[in-house]
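Here are some notes to read alongside the model. Please keep the sequence and the 3D view open as you go.

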Amino acid sequence: MSILKGICRFGKTTDMASELRLITTHDLCLYKHVKLRAAQKEMVRIKDFHDKLKHQQVTNLDAADYYGIPLSLFESSLDH
């Protein structure tokens, strides 16, 4: 748990344990406004970007880092 506390990639000190969560292809559909198949391809690109294996999960922090935006902005775009 202490690993998740510290300096965020965007320069803010935060308790990322409360913000960190796994994302699905449906989350990418909502964020990118694309169909499921396009979101699945995007998920593969995010995994490649972070050198993750096929079976490894993607977090919201991974996606925000991939898109180059703050985590809070990524999460707020998923709110309905």
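1. Where is the place of T59? T59 sits in the loop between α2 and α3. T59 counts as buried because its relative accessibility is 15%; buried means under 20% relative accessible area, exposed over 50% and partly exposed in between, with a 1.4 Å probe and protein chains only. Leaving aside neighbours within four places in sequence, T59 is in contact with L20, R21, L22 and I23. Contact here means heavy atoms within 4.5 Å.

2. A word on the basis. This is a predicted model, in which local features need pLDDT of at least 70, side-chain atom pairs count only at pLDDT 80 or more, and totals for chains, interfaces and linings use all residues. Residues are numbered from 1 along each chain as its sequence is written, and side-chain values use heavy atoms, with hydrogens and water left out.

3. Confidence comes next. pLDDT is the predictor's confidence in each residue, from 0 to 100. The protein chain has a mean pLDDT of 83, and 76% of its residues reach 70 or more. Over residues 1–8 pLDDT stays under 50. The model has 14 contacts beyond four places in sequence for that stretch.

4. Now the overall layout. The protein chain has four helices and two strands, in the order β-β-α-α-α-α along the sequence. Helices (H or I, at least four residues) and strands (E, at least two) are DSSP runs, numbered from the N terminus. Of the 80 residues, 29% count as buried. Among contacts between residues at least 6 apart in sequence, 42% join residues at least 24 apart.

5. How do α1 and α2 pack, and at what angle? Helix α1 (residues 25–32) meets α2 at about 105 degrees, and the axes are 8 Å apart. That makes α1 roughly perpendicular to α2, a label for angles of 65 to 115 degrees; under 35 counts as roughly parallel, over 145 as roughly antiparallel, and the rest as oblique. Axes are lines fitted to C-alpha atoms, for helices over the stretch in contact, and angles run from 0 to 180 degrees between N-to-C directions. From α1, T25, L28, C29 and K32 meet L36, A39, Q40, E42, M43 and I46 of α2.

6. Stay with α1. Its buried residues are D27, L28 and C29. The cover over them includes α2, α3 and α4. After α1 comes H33, with a positive phi near 60 degrees.

7. Which residues of the largest nonpolar core touch the most other members? They are I23, L28, I46, A63, Y67 and F74, out of 15 residues. α1, α2, α3 and α4 (71–78) each supply at least two residues of this core. α3 gives the most, with four. A nonpolar core is a set of buried Ala, Val, Leu, Ile, Met, Phe, Trp, Tyr and Cys residues joined through side-chain atoms within 4.5 Å.

8. Not counting residues up to four places away in sequence, I23 touches L28, M43, V58, T59, N60, A63 and F74. Y67 lies in helix α3 (residues 60–67). With residues up to four places away again left out, Y67 touches L28, Y31, K32, E42, I46 and F74. The C-alpha atoms of Y67 and I46 are separated by 9.0 Å, with the two residues 21 apart along the chain.
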